[in-house]
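Keep the picture beside you as you read.

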Amino acid sequence: MTTKESGATIEDELATIDAYWRAANYLSVGQIYLLENPLLKEALQREHIKPRLLGHWGTTPGLNFIYAHMSRMIKVRDLNAIYVMGPGHGGPAAVANAWLEGSYSELYPDVALNEVGMRQLFRQFSFPGGIGSHVTAEIPGSIHEGGELGYSLAHAYGAAFDNPDLVVCCVVGDGEAETGPLAASWHSNKFMNPARDGAVLPILHLNGYKIANPTVLARIPRDELAKLMEGYGHKPYFVEGSDPFEMHRLMAAVMEEALDEIARAQSAARNNGSVGDFKWPMIVLVSPKGWTGPKEVGGVQVEGTHRSHQVPLGRVREDPEQLAALEAWMRSYQPEELFDATGAPDPAIVEWSPSGDRRMSANPHANGGVLRDLALPDFRDYGVDVDTPGTSSSEATRALGVYLRDVMRFNDQYKNFRVFGPDETASNRLADLFEATDRAWSGRIEATDDHQSPDGRVMEVLSEHMCQGWLEGYLLTGRHGLFNSYEAFIHIVDSMFNQHAKWLKITSEVPWRKPIASLNYLLSSHVWRQDHNGFSHQDPGFIDHVVNKKAEIIRVYLPPDTNTLLSVGDHCLKSRHYVNVIVAGKQPSLNWLSMEDAILHCTRGIGTWSFASNDHGHDPDVVLACAGDIPTVETMAAVEILRHHFPELRVRVVNVVDLMRLQQDTEHPHGLPDSQFDALFTRDRPIIFAYHGYPWLIHRLTYRRKNHSNLHVRGYKEEGTVTTPFDMVMLNDLDRYHLVVDVIDRVPELGSTAAHVRQEMVDARLRARMYTRVHGEDPPDVAGWTWPL
Ligand SMILES: Cc1ncc(C[n+]2csc(CCOP(=O)(O)OP(=O)(O)O)c2C)c(N)n1
Ligand SMILES: [Mg+2]
């Protein structure tokens with residue numbers, strides 16, 4: 001078999017590929033075990049061994065094997081490639097290859113390409129004060145931590161979208177393949193366009209085992225696995241065996257063929273606009289788990305079983321036999337052939353590997369890509385006129401959709417912006433986007449379809465996991481995007497959000513990691529307006545989940561109307577290295593602020609609404625605070641009632657757009673200093689706070705504020721159903737009448753003088769409920785309420 005471009009045969013290269021692989025394996029084992037004696041210049045002794053043996057060997061030799069073969073292809077074909085390691089617990093592999101390629105030492109000079117550096121490389125691994133045991137963010141070349149399994153393929157595709165020259169080599173663990181996100185992600189190929197996107201080469205690492213179990217895909221017949229992959233639209237190639245040289249030959253041939261096919265399809269698509277009946281190739285690498293490690297330990301088979309998953313020889317310090325076995329294992333790689341006397345990798349290995357930016361550990365795509373700012377239209381042009389607050393209505397997300405349409409248009413030439421969502425872009429009223437682009441779709445298109453095209457830039461698939469994973473991959477490689485979802489179902493990606501937030505935290509602390517565009521969530525179809533769906537679709541708890549993460553990373557916005565949403569949206573699209581959560585309604589809702597006021601309000605993030613307050617020049621008797629579009633309407637309606645019945649009562653209205661303003665400035669970069677918080681909320685007056693989500697979050701954010709004991713929060717109390725919008729707020733005591741009752745009950749000055757009004761409010765609730773039961777809708781004075789003052 002010949003490498004066409006070079007004329008060299010694989011036979012000429014076999015020795016070097018194998019040397020590279022042995023070197024990577026040696027360095028991986030050294031990381032797991034050794035404190036001293038990195039080159040085994042002397043016989044291995046107990047003192048050379050780490051006291052705690054931590055890490056994962058089982059997946060590592062396979063990861064190294066694939067890395068070596070991908071490197072070969074890069075070198076031969078001058079490919080632009082990155083490597084995604086699904087089984088990210090195989091951290092030793094990522095570190096070993098980055099060190100062999102020299103990029104590790106370039107970034108961490110104390111881990112130099114010599115014996116001292118190798119000693120440090122080994123010591124630091126999974127060691128206090130050192131580096132983690134996974135493919136962490138500190139390792140060059142990685143865009144994927146992989147500690148939590150399931151996201152590799154989605155990340156790989158996200159990286160490949162709009163990166164026509166890029167090849168993403170993606171290793172999928174056969175255990176990882178059992179996860180929901182991964183199982184769905186095979187379908188990503190239906191969203192790839194070979195003309196404008198790069199390529200993903202998935203390699204299913206069928207080493208047969210997980211931690212303690214065989215894997216499902218390893219125990220179904222091979223032909224069934226082949227059919228499964230074919231059913232996913234792939235052309236599978238099997239590379240199976242355990243003899244290293246035989247496997248090198250097989251793998252090299254298959255890699256060449258797979259990459260040939262990809263290249264042919266890409267050039268057909270790019271030159272003739274068609275790829276015919278193209279099936280994206282994928283490789284199934286069937287090799288023993290813990291390949292080249294100890295065959296057995298204490299008479300029990302280890303190589304080729306789940307027992308090799310972590311540390312095959314676990315008692316090396318205690319057991320001289322195991323110590324000898326470790327030494328034999330490490331020497332089996334013949335380190336004296338792989339490293340010179342100074343500890344540097346053999347020049348033949350270095351010469352054979354890719355260099356510069358072509359090294360997968362140094363490819364710029366894996367370090368933030370080339371991040372150019374989005375070209376943004378002036379969001380002020382998309383707003384609504386608001387002459388008098390609270391008298392006209394608009395659909396906030398629809399206005400944002402028009403703005404996003406133009407964001408799409410403005411950046412079309414740069415191909416660096418996509419909108420992601422699980423089939424809800426139109427439902428969330430962002431459909432104006434489709435004037436600028438379609439939904440990405442490379443499958444069959446029928447006449448009844450609506451805006452599907454292989455060139456589309458709206459990514460819709462009914463898997464929030466895939467949306468999230470694609471967007472993460474897209475952002476991590478230097479592009480921009482927005483994820484729109486129903487508020488309740490975004491919880492499906494809670495854990496993926498966690499991992500991304502962790503990644504952002506760590507990378508912000510790694511000096512050489514470049515910032516990336518923020519991950520923007522637009523949560524609409526929210527808890528208060530699930531008119532079609534009811535309880536299953538009502539859950540505002542994602543915010544509670546998000547605020548657990550590092551304050552430096554997370555931002556939460558609750559714009560009360562259209563103009564504030566536009567201002568917040570623009571801000572988020574410009575931001576870097578955050579997770580921004582925006583919650584906004586899609587239903588017609590009252591407009592409160594002119595564009596100018598909206599910008600001021602959003603820039604402050606919190607503020608009094610003077611037009612609704614009557615405490616000017618005085619301390620208020622009560623503060624009515626609100627966060628979220630529906631709570632704002634109910635608060636304002638309550639203010640009207642209060643001012644009508646108690647004209648002497650001094651009411652202050654505070655609206656919160658940026659939720660993190662509520663925290664102290666010591667806790668969150670957006671937090672208000674106590675003095676400012678006290679000035680807004682007073683130190684001693686009752687605060688009735690109408691909040692979009694679960695009320696306890698507001699307590700959690702403000703528990704250390706002076707006036708916390710006077711804070712009474714209304715929000716979602718897990719009472720949901722299919723009912724009218726006003727009945728929904730009544731069910732949760734967030735309605736205007738209840739807010740008035742709350743004020744009466746908590747402002748001592750009102751006392752018994754307010755008894756009549758209090759009863760009126762209780763009756764108004766009952767009347768409103770009865771009206772819904774008779775008419776199936778809200779009373780007109782509620783449904784058609786506007787701000788009258
Ligand atoms: C979502 C998730 N669930 C569970 C784990 C715990 N875990 C770590 S490794 C592993 C087995 C992985 O098996 P496989 O993907 O086959 O990897 P390999 O055999 O290459 O080590 C499991 C279950 C995890 N990391 N992530
Ligand atoms: Mg496995």
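This is a predicted model: local features need pLDDT of at least 70, side-chain atom pairs count only at pLDDT 80 or more; totals for chains, interfaces and linings use all residues.

Residues are numbered from 1 along each chain as its sequence is written, chains are lettered from A and ligands numbered from 1 in the order in which they are written, and side-chain values use heavy atoms, leaving out hydrogens and water.

**Around the ligand**

Ligand 1 has 16 residues around it, where being near means having a heavy atom within 4 Å. Thr 59, His 89, Gly 147, Asp 174 and Lys 289 come nearest. By class, this shell holds 4 nonpolar, 7 polar and 5 charged residues. Here Ala, Val, Leu, Ile, Met, Phe, Trp, Tyr, Cys and Pro count as nonpolar, Asp, Glu, Lys and Arg as charged, and the others, Gly among them, as polar.

The table lists polar contacts of the ligand, meaning pairs of N or O atoms within 3.5 Å.

| Backbone N or O atom of | Atom of ligand 1 | Distance |
|---|---|---|
| Gly 147 | nitrogen | 2.7 Å |
| Leu 149 | nitrogen | 3.0 Å |
| Gly 175 | oxygen | 2.7 Å |

On its own, ligand 1 has 590 Å² of accessible area, and the protein covers 75% of it; such areas come from the Shrake-Rupley method with a 1.4 Å probe.

**A parallel sheet**

Helices (H or I, at least four residues) and strands (E, at least two) are DSSP runs, numbered from the N terminus. Two strands pair if DSSP finds at least two bridges between them.

Five strands form an open sheet in the order E1-E2-E3-E5-E4, with parallel pairing. At its edges are E1 (80-85) and E4 (234-240), each pairing on one side only. Strands E3 (residues 199-206) and E5 (residues 280-286) are joined by 4 bridges, and Leu 206 stands opposite Val 286 in E5.

Which strands does helix H2 lie across? Helix H2 (residues 60-77) lies across E1, E2 (166-173), E3 and E5, running at about 170° to E1. Contact means heavy atoms within 4.5 Å, and angles run from 0 to 180 degrees between the N-to-C directions of axes fitted to C-alpha atoms, for helices over the stretch in contact.

**A mixed sheet**

Another open sheet of 5 strands has the order E18-E20-E19-E21-E22 and mixed pairing. Its edge strands are E18 (606-608) and E22 (711-714). Parallel strands E19 (residues 622-627) and E20 (residues 651-656) share 5 bridges, and Cys 626 has Asn 655 in E20 as its bridge partner.

Conventions: A polar contact is a pair of N or O atoms within 3.5 Å; within protein, one must be able to donate a hydrogen and the other to accept it, and residues adjacent in sequence count only if both atoms are side-chain atoms.
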